[in-house]
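I opened a new structure today and kept notes as I went. The entries follow the order in which I looked things up.

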Amino acid sequence: MSNLQDAMLYINGEIRPSSDNAYYDNIGPWTGEVVGRAADATAADVQQAIDSARHAFDHTDWSSQHEQRHELMKKYVKALWDKRALLVDISRFEAGAAMGAAARAHIDGALNGADDLLKCFEQVTWQEDRGVKNENGFDTKRLVTHEAVGVVGAITPWNVPLYVNIGKVVAALLAGCTVILKPAPDTPLMGSVMGEIAQQVGLPPGVFNVVTSSDPAMAGEMLTKDPAVDLISFTGSTAVGKLIMQNGAPSLKRVFLELGGKSAFVVLDDAPNFAQTVMGSMVVFHAGQGCAYPTRLLVPKSRYDEAVKALEMAYAGFDSKWGLQDEPSCIMGPLISKKQLDRVASYTDIGKQDGARLLAGGKVRSDKGNGFFFEPTCFVDCTNDMRIAQEEIFGPVLVVIPYEDDEDAIRVANESVYGLGGAIFGSTERALEMAKKIRTGSMSVNGGTSITGDLPFGGYKQSGIGREWGLEGIEEFLETKAIGIRAS
Ligand code: NAD
């Protein structure tokens, strides 16, 4: 089993332990055993990170030297690519990614996204000429400028840690902000190593800071409440997102939230390769721990039996293909923690009580190892009002819901407090028209890729506020200023 390096704090350009030299255990999801340890930040450490980010923003030219900053960020992203092998190991042993998911999706997906952000930076308009206007009897030449918002607190989850860290940190730094990253307690090293690499390429002290902590809330609450922090960019659960809005309200903090989802996978009756498409809806990749994962399968009543048969076959064939730590083609490993395992497992009874029929899975699988293994699970005969159809489970659980016609499919897809992602398969024009009516921040039509580093990503409704990635994801970290210069 891998022994990962210590996850250290990175504050004001220095890599160091916490002020009281305390560490906590980093538990590996594959084995349930300790795979490393992480510095356990004190409140004084978090305060120092906030102070150093504030100082770097207020007293250096980081935010104003756009070209210099862009060059340094290119060096930083290249250095992240150079550490690809290390990052793959961290995603496997710390985040529990299977080999077939770690390199391609977790790491290359994140690093390609960083490359995309570097390109999007070139499209940022820092100053616009809005022309001369005669107002109040004289001419005024008007400019609109875009400036970095200031100090950013980036609070991230454990499921795809490098991807989420980069979406915030690289975008905010490119915008000219200074950043304090607070990774999830379960994935400290993926944050910490980004600090280590920042130091190696010479990012100015204080511009980027990382604080790891065993306490899920302490550091995040300090960042959220401190008036010295201008913006919180948060990815995580909707419940904590709401708390962040509340805690940020007294200082009218800008809050930018990427939250949960319960997205729909809609198969129309004219979808090409109907059975194949239905099989593709299995929630197995990274054990279903993806916020935009379409976890409600909507199939037409007219082809419902066909769909259930296809799923039965697909799930039966998959049992020997998951939970294999050293198999390069394996895409599904364990859940992140015992806590998540218990939570996901509790939905088996909830689904049965709701009246759904368990077609496959539903059990903890200790035969796969001592880690946190839950088998691929599928409920059929579901209605959209069941708890398993409304609540985000964040595990390998698919719920299958029959619908009457196109209008009914749109209604079911939209009857959710969430609105993050989704997929639809059918004849292209019909599917596209329906995709436009589904109220989510991204939609894939016939398998098209709607989530990449150069496209905006975010949620409608309780899936969040704001957009990450793409040009829009950099602009989230900018303020807008109007300037009038008297010209006559
Ligand atoms: P979580 O909300 O429990 O924690 C997220 C982060 O918030 C962690 O770093 C945690 O330590 C911190 N936190 C906890 N309490 C806090 C508080 N009171 N104040 C400030 N910070 C606090 O979520 P999780 O369990 O780590 O991640 C799973 C959730 O994340 C799922 O709901 C999933 O949908 C969501 N997610 C969303 C996206 C997206 O882009 N929309 C991406 C990945 C994950």
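**Entry 1: helix 8**

I started with what covers the buried residues of helix 8, and the list includes strand 7 (151-155), helix 7 (218-225), strand 10 (231-235), strand 11 (254-258) and strand 17 (418-419). I keep in mind that this is a predicted model. Helix 8 itself runs over residues 238-248. I then noted its buried residues: Thr238, Gly241, Ile244, Asn247 and Gly248.

**Entry 2: helix 10**

Next I took helix 10, residues 304-318. I counted 15 residues in helix 10. From its first C-alpha to its last it reaches 21 Å. That is close to the 21 Å expected at 1.5 Å a residue.

Which residues of helix 10 are buried? I found Tyr304, Ala307, Val308, Ala310, Leu311, Ala314, Tyr315 and Phe318. These residues cover an arc of only 160° around the axis, so they sit on the same side of helix 10. On the other side of helix 10, I listed Asp305, Lys309, Met313 and Ala316 as exposed.

I also looked up what the buried residues of helix 10 pack against. One partner is a helix, helix 9 (274-279). The strands are strand 13 (294-300), strand 14 (357-360), strand 15 (377-380) and strand 16 (397-403).

I compared its position with Lys309, one of the exposed residues of helix 10. Ala275 and Lys309 are 34 residues apart in sequence. In space, they are 8.6 Å apart, C-alpha to C-alpha.

Asn273 lies in the loop between strand 12 (263-267) and helix 9. Its phi is near 50°, a positive value in a residue other than glycine. His286 is in the loop between helix 9 and strand 13. I noted a positive phi of about 50° for His286 too, although it is not a glycine.

Is Asn273 buried or exposed? I have Asn273 as exposed, with a relative accessible area of 59%. His286 is buried, with a relative accessible area of 5%.

**Entry 3: Arg69**

I then moved to Arg69, in helix 2 (residues 66-82). Arg69 is a charged residue by class. I wanted to know where its side of the chain sits. Arg69 is buried, because its relative accessible area is 2% and buried means under 20%.

What does Arg69 touch, leaving out residues up to four places away in sequence? I wrote down Trp62, Ser63, Ser64, Phe121, Trp126, Leu173, Leu174, Ala175 and Gly176.

I also checked Arg69 against Pro185. Arg69 and Pro185 are 116 residues apart in sequence. Their C-alpha atoms are 30 Å apart in space.

**Entry 4: helices 13 and 14**

My last stop was a helix pair. Helix 13 (residues 406-414) and helix 14 (residues 428-437) pack at an angle of about 35°. Their axes are 10 Å apart. I noted the crossing of helix 13 past helix 14 as right-handed.

Which residues meet here? From helix 13, I have Asp406, Ala409, Ile410 and Asn414. From helix 14, I have Arg430, Met434 and Lys437. By class, this contact has three nonpolar, one polar and three charged residues.

Conventions
Residues are numbered from 1 along each chain as its sequence is written. This is a predicted model: local features need pLDDT of at least 70, side-chain atom pairs count only at pLDDT 80 or more; totals for chains, interfaces and linings use all residues. Side-chain values use heavy atoms; hydrogens and water are left out. Axes are lines fitted to C-alpha atoms, for helices over the stretch in contact, and angles run from 0 to 180 degrees between N-to-C directions. Helices (H or I, at least four residues) and strands (E, at least two) are DSSP runs, numbered from the N terminus. A crossing is left-handed if the near helix is turned anticlockwise from the far one by less than a right angle, and right-handed if clockwise. Contact means heavy atoms within 4.5 Å. The expected span of a helix is 1.5 Å times one less than its number of residues. Buried means under 20% relative accessible area, exposed over 50%, partly exposed in between (1.4 Å probe, protein chains only). The arc is that of the directions from the helix axis to the C-beta atoms.
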